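Please have the sequence and the structure open as you read.

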Amino acid sequence: MKEYILVPSQYLLHGEGLSFDELALVEPLAIGAHGVRRADVQAGDYVLVIGAGPIGLGTMEFARIAGAKVIALDVNEARLEFCRQHLNVHATVNAMDSNVADQLKEITEGDMPTAVIDATGNLRAINNAINYLAHGGNYVLIGLQKEPFSFSHPEFHKRETTLMSSRNATREDFEHVIKSMKAGLVNPKTYITHTVTFDAVKDNFESWLDPKTGVIKAMVHL
């Protein structure tokens, strides 16, 4: 809670050339970038990202930058439309549909996604997503669930699945996000849907928790 602190320069990430708004987005985007790196996404892979919240959207962005064909899965049709309009995803699927697995099989030409990344933290979504993964694929959990999760061992075993968690990000991920922003591969304005002054936060904060407001990222300006 100090007004000023002294930190050696080599321990800082230098974001010269980026605006304050852009710099504020580096950390949340780095979470998705780290998950994509954990999944070992390669160019041409089909990558299913479950959850089109802010972290999921960043995950889709960096899977696309890695050269993957990104499939967005969410229950919110407005968020899926956002993915189609702003993130140039390969395909979208509504998780409320009864034939999700069939749609994924058709999209991937029968192969299913080689990487499935959960960004929901929803227990039901985590337990069910193993059914969407290709044989030999990577299943990465970014979303945090406090309860035990479980899925069919035969389904897990027959796929020779690699299961991984993805927690926060490293310096390498932060630098990747900054370089991607500077190269124009990521447009931060895509994510900033609401802007308020500091004095107005108390009157607006509660509304940001309502999905109907369409908030992705809200920026507070001093």
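## How residues are classed

Ala, Val, Leu, Ile, Met, Phe, Trp, Tyr, Cys and Pro count as nonpolar, Asp, Glu, Lys and Arg count as charged, and the others, Gly among them, count as polar. Please keep in mind that this is a predicted model.

## The largest pocket

Let's begin with the open space. The largest pocket has a volume of about 440 Å³, and 18 residues line it. V75, A95, M96, R124 and A125 are the lining residues that lie nearest its centre. Two or more lining residues come from each of β2 (69–74), α4 (100–107) and α5 (123–128). Of the elements, α5 gives the most, with three residues.

What classes of residue make up the lining of the largest pocket? Using the classes above, 10 are nonpolar, five are polar and three are charged.

## The second largest pocket

The second largest pocket holds about 230 Å³ of space.

## Helix α7

Now to the helices. Helix α7 covers residues 171–182, 12 residues in total. From its first C-alpha to its last it reaches 17 Å, close to the 16 Å expected at 1.5 Å a residue.

Which residues of α7 are buried? They are D173, F174, V177, I178, S180 and M181. These residues cover an arc of only 160 degrees around the axis, so they sit on the same side of α7. The buried residues of α7 pack against α1 (20–38) and α2 (54–65). After the helix comes G184, which has a positive phi near 80 degrees.

## Helix α2

Helix α2 also has 12 residues, which should span 16 Å at 1.5 Å a residue; the end C-alpha atoms of α2 are 17 Å apart, in agreement with that value. Its buried residues are G56, L57, G58, T59, M60, E61, F62 and A63.

What covers the buried residues of α2? The cover includes the helices α1, α3 (77–86) and α7, along with the strands β1 (46–50), β2 and β4 (115–118). Just after α2, G67 takes a positive phi of about 100 degrees.

Key. Residues are numbered from 1 along each chain as its sequence is written. This is a predicted model: local features need pLDDT of at least 70, side-chain atom pairs count only at pLDDT 80 or more; totals for chains, interfaces and linings use all residues. Side-chain values use heavy atoms; hydrogens and water are left out. On a 1 Å grid over the protein atoms alone, a cavity is a set of points where a 1.4 Å probe fits but cannot get out, and a pocket is an open set with protein on both sides within 12 Å along at least five of seven lines; lining residues have an atom within 4 Å of a point. Grid points are joined across faces, edges and corners, and a volume is the space filled by probe spheres set on the points. Helices (H or I, at least four residues) and strands (E, at least two) are DSSP runs, numbered from the N terminus. The expected span of a helix is 1.5 Å times one less than its number of residues. Buried means under 20% relative accessible area, exposed over 50%, partly exposed in between (1.4 Å probe, protein chains only). The arc is that of the directions from the helix axis to the C-beta atoms. Contact means heavy atoms within 4.5 Å.
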